[in-house]
Amino acid sequence: RPAILWPTAAEAEAAFREGRHVLRCGGEPREVRTHHISGTEFRLCRIPAGEFWMGLLPVERERMTGIDAQHAAWLEWEQEATRIRLNRGFWMMETPMTQRQYEALTGRNPSHFQSSGPDAPVEQLSWIDALDLTGLLSRKTGQSWRMPVEAEWEWAARGGQEFRYAGSDDPVDAGWFSQLHTHPVREKTPNNFGLYDMSGNVWEMTADIWRPRHPGGFFSDPREENLAHSTSPSRTGRGGSWGSDAFCLRLSARDSCPVRGRSRSIGVRLVVDF
C-alpha cells in the first residue's frame, strides 16, 4: 500500500511559499478493486491517506496575469488555501459513473448525450439522484458508498503530484474541454492514483455544502464538518466539464451544484471507505 511521507512543519510552509501543493507519496503499485453488478464492471482505485494545501496558493494566484473579470471572480471562490490532513484512505471510482453503469443499476439512462455512447459519463443527475445511488450501491454490495467530500476529491485528483490538472500540466492530455458533448471515459491520461477524467468531461458532485471560499487554516479529517449542513440548497462541484475552458479544469477550480438541479455538464464519482 502507498506510504505517506509526512513532512515537517517547516517543509510544509516552504512548499506553500514556493507555490507547491502536495506532499510526497510512496511509489508503491496501484491497487484496484472490482465489483460486478448486473454484468457491469465497477472499478475503484485505492486512495491513500495524505496531507496537502487545498485550494489556490497565493503564489499561484500572483502568477495569473491578464485574466478577465469572470475568471477573476472564479478565483475568489478558490481562496483561502487550506491545510488538509486526511487520516483515512478510501476507494474511489476509477472514472465518473458511466451511462452503462447507471443503466445497470437503475434500468434507465437520463443522459442528454446518449449518442456519446454507454462508456461516456452519465449526466442530468441531481445531487439527490446521486445520493439515491449511494444507497442503491450500498445495498447491492454490502459496503458503504458515498460522495467524496471536497477535500478528498482534490487530494485524489492531485494524485500526490504537483500538476496543474489531473495527471498532467497539459489540459489536452488531462481531460475533455471546449467540446460540444461528453466523450467515453479512459481516453485521456490517468493520474498517479490511476484515476481517469478527474479534469474535464463532466463536473463531479461532492458531499460538501457550497461556500464561496475555503475557510482557510488547518483541518484534520473534514468529513464530519458537512453533516450539520445537510439541508443546504447547493453542493460543490469539481473538475470542469466538456463545455468548460482550461481555466475550469485546474485542480483548485470549483463551482456550485443545486441539490435538486440537473445539468448535461454534471456527473458523479463515488467512493467507498476502507
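## A network of salt bridges

Glu150, Glu154, Arg158, Arg238 and Arg254 are linked in a network of salt bridges, where a salt bridge is a side-chain nitrogen of Lys or Arg within 4 Å of a carboxyl oxygen of Asp or Glu. The model is predicted: local features need pLDDT of at least 70 and side-chain atom pairs count only at pLDDT 80 or more, whereas totals for chains, interfaces and linings use all residues. Residues are numbered from 1 along each chain as its sequence is written, and side-chain values use heavy atoms, with hydrogens and water left out.

Arg254 belongs to strand 10 (residues 254–258) and Glu150 to helix 6 (residues 150–158), so the pair ties together parts that are 104 residues apart in sequence. Helices (H or I, at least four residues) and strands (E, at least two) are DSSP runs, numbered from the N terminus. Arg254 counts as buried because its relative accessibility is 2%; buried means under 20% relative accessible area, exposed over 50%, and partly exposed in between (1.4 Å probe, protein chains only). Glu150 is buried too, with a relative accessible area of 3%.

Glu154 forms a salt bridge with Arg158, with 3.1 Å between the closest N and O atoms. Glu154 and Arg158 are four residues apart in helix 6, so about one helical turn separates them. Both Glu154 and Arg158 are buried.

## Another salt bridge between distant parts

The structure holds 13 salt bridges. One of them joins the side chains of Glu204 and Arg269, at 2.8 Å from N to O. This pair links distant parts of the chain, 65 residues apart: Glu204 is in strand 7 (residues 203–209), and Arg269 is in the loop between strand 11 (266–267) and strand 12 (271–273). Glu204 counts as buried at 1% relative accessibility, and Arg269 counts as buried at 1% as well.

## Aromatic pairs

The structure holds seven aromatic pairs. Rings of Phe, Tyr and Trp (its six-membered ring) pair if their centres lie within 6.5 Å; planes under 30 degrees apart count as stacked, over 60 as edge-to-face and the rest as tilted. Among the pairs is that of Trp77 and Trp210, which is edge-to-face, with 5.3 Å from centre to centre and 85° between the planes. Trp77 lies in the loop between helix 3 (69–76) and strand 4 (82–86), while Trp210 lies in the loop between strand 7 and strand 8 (217–220), 133 residues apart. Trp77 counts as partly exposed at 26% relative accessibility.

Trp91 and Phe274 also form an edge-to-face pair, with centres 5.9 Å apart and 70° between the planes. Trp91 is in strand 5 (residues 90–93) and Phe274 in the segment after strand 12, 183 residues apart. Trp91 is buried at 8% relative accessibility, whereas Phe274 is partly exposed at 48%. Elsewhere, ring pairs link Trp74, Trp77, Trp203 and Trp210 into a cluster.

## Charges over rings

A charge sits over a ring if NZ of Lys or CZ of Arg is within 6 Å of the ring centre and within 35 degrees of the ring normal. The charged end of Arg235 sits over the ring of Trp127, 4.2 Å from its centre. Arg250 has its charged end over the ring of Phe247, 4.1 Å from the ring centre.
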